[in-house]
Amino acid sequence: MLMMFFLIILFFLELLVLFKIVKFYLLSQVYLYVLFYSFTIVLSTLYYYYYDDKIMLFKLDAISNNLFLETIKFHLLALVAFCFGVIVYYDVSKPQIKRVLNQSFSKVLFHKYLLPKKLDLVISILFGAIIALYATTYGTGVFFREEYLIVNGRAFQTITKLLSFVLSILLAFNYTKNKFLSISAFIVLLLLTVSTGSRISFLYFVMYVFLIFQSQGNTLKNKMILFLNLIFSFLFLSYIMTLRHNNMHGIIPYLGKLFDSRSDFMESFNFNIYYSFIFGIFVSAKTIFLNTPNWSNIFISLNPVTGNFAGWYDIYKTLRIHPIVPFSSNGEIFTMGSSFTFLFYSVLGSIISYFDYRTRLFFSVGKRILGFIIVILFVLHIVYSFEYNLRSSFRYIYYIYIVLFMFSIRLKRRKVCG
């Protein structure tokens, strides 16, 4: 218990330093990580000790007090290490990097788009093409089908996802000009995507609300709407992640899931809060209890090559609490002990500080879309680290590096051509 108090005090001292060296703004990856895990620790503690009507998903809530406290201690250690990594990155950085981190880019986020006159026509053509693609690949299966995945039309499915991503961006751009058209078309697009059970619908939603936020100005109302949308996005993602385990699939059974069994909306809402911000703590606890230290598993999980080459498919079945509940990324790290936990999250803190710096830099030079993509990929890393395997969560760190690498190549080519 003494160690817990020490970590809490150390964490708050680090936060004081953090607020001085890294300026807070809404999309700072450093603060997104710190706020999310601080919130989950507080909420999970309140749930464990004061919420009597336990949800008991897969009976993971039924853990001893000692195991719960051990899990909270490791999460606090991870936060302390993460902040330490941020501070170290700042301390060794060049003055120009420090200047960027010292600035808030909240005002830079807001931008009025200059839209072409034919945008409505482009949106109509894209919307029609997407409807046609869904009719070709899924048919009536959009509404009701027995299998989660469909075998035929994989190429068409990929094209549909790409066009839907583009349409989400264009609808957000068109929001100010025609709110009714933008919202109506996006709801239909979101329902079609949800009918597939794909988590990419979360990406569409976040991209859509962020781009609208960006175009509506630096007002308190706009910030409050974004805040509510961010909360909803986490709940939405938790809902999406449960769909593949439904007995029946398609938009009709998926929407029915919101009001299943007892048809109690508040119970469904409470479950989503629990699943988004609390369940992962108990997944980590059970991972600590069941998992055994294995450096080979850690190396395979962090290996950036494909699963076949890394050897992932040889071990993934052993890294599960239940056939449909994998070990958590955090739990896998915690299993390796306090020293490795501190080292891992210190390095992660330094990496995320670099991402935060690059994102601020993109916003400062008008590369807003690129900055948003990095933020969204990082949010996915946070969500997956809470409840999914280390390999599933850490791959988003590699995705961000790939985005940055591709941008650097494009920039070099422009300089050569110029």
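**Ser198 and its surroundings**

Reply: The model is predicted. In this model, a polar atom of the side chain of S198 lies 3.2 Å from the backbone nitrogen of I200.

Me: What makes the pair formed by the side chain of S198 and the backbone nitrogen of I200 a polar contact?

Reply: The limit for a pair of N or O atoms is 3.5 Å. The separation is 3.2 Å, so the pair falls within that limit and is a polar contact.

Me: Why is S198 called buried?

Reply: Buried means under 20% relative accessible area. S198 has 13%, and therefore counts as buried. The residue lies in the loop between α7 and α8. Leaving aside residues up to four places away in sequence, S198 touches Y148, K161, T193 and I240.

Me: Which residues line the largest cavity?

Reply: The lining consists of Y134, T137, Y138, Q157, T160, K161, S164, T193, T196, S198, I200 and Y204. About 100 Å³ of space lies in this cavity, and the structure holds five cavities of 30 Å³ or more.

Me: Which helix gives the most to the lining of the largest cavity?

Reply: Helix α6 gives the most, with four residues. At least two residues of the lining come from each of α5, α6 and α8. By class, the lining residues divide into four nonpolar, seven polar and one charged.

Me: How do you know that the span of helix α6 agrees with its number of residues?

Reply: Helix α6 covers residues 154-173, which is 20 residues.

Me: Which residues of α6 are buried, and what covers them?

Reply: The buried residues are Q157, T160, S164, L167, S168, I169, L170, L171, A172 and F173. Their cover includes α5 (119-137), α7 (179-195), α8 (200-215) and α18 (368-387).

Me: Why does L404 count as buried?

Reply: L404 has 5% relative accessibility, which is under 20%, so L404 is buried. This residue lies in helix α19 (residues 390-417). Not counting residues up to four places away in sequence, L404 touches Y354, F355, R358, F362 and I374.

Me: How do you know where L404 lies relative to L121?

Reply: The two residues are 283 residues apart in sequence, and their C-alpha atoms are 33 Å apart in space.

Me: What is the phi of M56, and what is the phi of F58?

Reply: M56 has a positive phi of about 60° although it is not a glycine. F58 likewise has a positive phi, of about 55°, and is not a glycine. Most residues other than glycine have a negative phi. M56 is found in the loop between α2 (29-50) and α3 (65-92), and F58 also has its place in the loop between α2 and α3.

Me: Why are M56 and F58 called partly exposed?

Reply: Partly exposed covers what lies between the buried limit of 20% and the exposed limit of 50%. M56 has a relative accessible area of 33%, so M56 is partly exposed. F58 has 34%, and therefore is partly exposed as well.

Terms used. Residues are numbered from 1 along each chain as its sequence is written. This is a predicted model: local features need pLDDT of at least 70, side-chain atom pairs count only at pLDDT 80 or more; totals for chains, interfaces and linings use all residues. Side-chain values use heavy atoms; hydrogens and water are left out. The expected span of a helix is 1.5 Å times one less than its number of residues. Buried means under 20% relative accessible area, exposed over 50%, partly exposed in between (1.4 Å probe, protein chains only). Contact means heavy atoms within 4.5 Å. On a 1 Å grid over the protein atoms alone, a cavity is a set of points where a 1.4 Å probe fits but cannot get out, and a pocket is an open set with protein on both sides within 12 Å along at least five of seven lines; lining residues have an atom within 4 Å of a point. Grid points are joined across faces, edges and corners, and a volume is the space filled by probe spheres set on the points. Ala, Val, Leu, Ile, Met, Phe, Trp, Tyr, Cys and Pro count as nonpolar, Asp, Glu, Lys and Arg as charged, and the others, Gly among them, as polar. A polar contact is a pair of N or O atoms within 3.5 Å; within protein, one must be able to donate a hydrogen and the other to accept it, and residues adjacent in sequence count only if both atoms are side-chain atoms.
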